[in-house]
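Hi,

Here is the structure I said I would pass on. Have a look at it first, and then read my notes below.

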Amino acid sequence: MTMQMKDRLIHKEANQAIVSGSPLFDLLKDRELLEALGNGLMVFDSSNRRGFTCEWTIIGGELYLTKFRSRSMRLYKTAQIFGTEPIYDLNEEGKNIHSFYPDDTTPVKADWFSGAIVTYDRQAQNEADLNGWEYTFQEGKLVDEKRKYVVSPGNKLAMKLKKYMDD
């Protein structure tokens, strides 16, 4: 069994798993950088097929990318995503691919992101259990947050089975 790597969101000292898409994915897609993440260089067998994970933090009402972990030997720094450093293959420099993969902890204000992020911090006991949050952003600024019932992706089948058994 492979472990699914989820993006995380830190807010008010709570560490929450993100169940909606990554705010970084569309930016990488728009900048045509997704190929640099994969390109046959992924060596980890994970259900996270994107090739990267992120940690996001809400600081002063604004969204920041605070940790970027790539599984690529070509695109592994946020500076490469934003064009301040070139994208190149570290294999050409003789780096050991199995020992590389550092976390980039350079905080980046996510002013490109407008949309919602849905998170949860624990498994829900039932549909009335508000175990998660929905955060809405406009150009990286938090404009709304509300409690929400969230079924974690791995728990959907269990919830359907429980509902079937209860009926």
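Let me start with L24. Leaving out neighbours within four places in sequence, L24 is in contact with F52, C54, W56, L65, F68, I81 and W112, where contact means heavy atoms within 4.5 Å. Before you go further, a word on the source: this is a predicted model, where local features need pLDDT of at least 70 and side-chain atom pairs count only at pLDDT 80 or more, while totals for chains, interfaces and linings use all residues. Residues are numbered from 1 along each chain as its sequence is written, and side-chain values use heavy atoms, with hydrogens and water left out.

L24 also turns up in the largest nonpolar core, which has 23 residues; L9, L24, L28, W56, L63 and I81 have the most contacts inside it. (A nonpolar core is a set of buried Ala, Val, Leu, Ile, Met, Phe, Trp, Tyr and Cys residues joined through side-chain atoms within 4.5 Å. Buried means under 20% relative accessible area, exposed over 50%, and partly exposed in between, with a 1.4 Å probe and protein chains only.) Helix 1 (23-30), helix 2 (34-37), strand 3, strand 4 and strand 8 (132-138) each give two or more residues to this core. Which strand gives the largest share of this core? That is strand 3, with four residues.

Now the overall layout. The protein chain has four helices and nine strands, in the order β-β-α-α-β-β-α-β-β-β-β-β-α from the N terminus. (Helices, H or I with at least four residues, and strands, E with at least two, are DSSP runs numbered from the N terminus.) Of the 167 residues in the chain, 40% are buried. Among contacts with a separation of 6 or more, 58% are between residues 24 or more positions apart.

Next, the aromatic rings. A search of the whole structure finds five aromatic pairs. (Rings of Phe, Tyr and Trp, its six-membered ring, pair if their centres lie within 6.5 Å; planes under 30 degrees apart count as stacked, over 60 as edge-to-face and the rest as tilted.) One of them is F52 with F68, a tilted pair at 6.0 Å centre to centre with 35° between the planes. This pair links distant parts of the chain, as F52 is in strand 3 (residues 52-59) and F68 in strand 4 (residues 62-70), 16 residues apart. F52 counts as buried because its relative accessibility is 0%, and F68 is buried with a relative accessible area of 0%.

F82 and W112 form a tilted pair too, at 5.4 Å centre to centre and 50° between the planes. F82 sits in the loop between helix 3 (78-81) and strand 5 (103-104), and W112 in the loop between strand 6 (108-109) and strand 7 (115-120), 30 residues apart. F82 is partly exposed at 28% relative accessibility, and W112 is partly exposed at 24%. Ring pairs link W56, F82 and W112 into a cluster.

Last, have a look at E134, which is found in strand 8. Is E134 buried or exposed? E134 counts as buried, because its relative accessibility is 16%. Its side chain makes a polar contact with the side chain of K148 at 3.2 Å. (A polar contact is a pair of N or O atoms within 3.5 Å; within protein, one must be able to donate a hydrogen and the other to accept it, and residues adjacent in sequence count only if both atoms are side-chain atoms.) K146 lies in strand 9 (residues 141-148) and is partly exposed, with a relative accessible area of 42%.

Cheers
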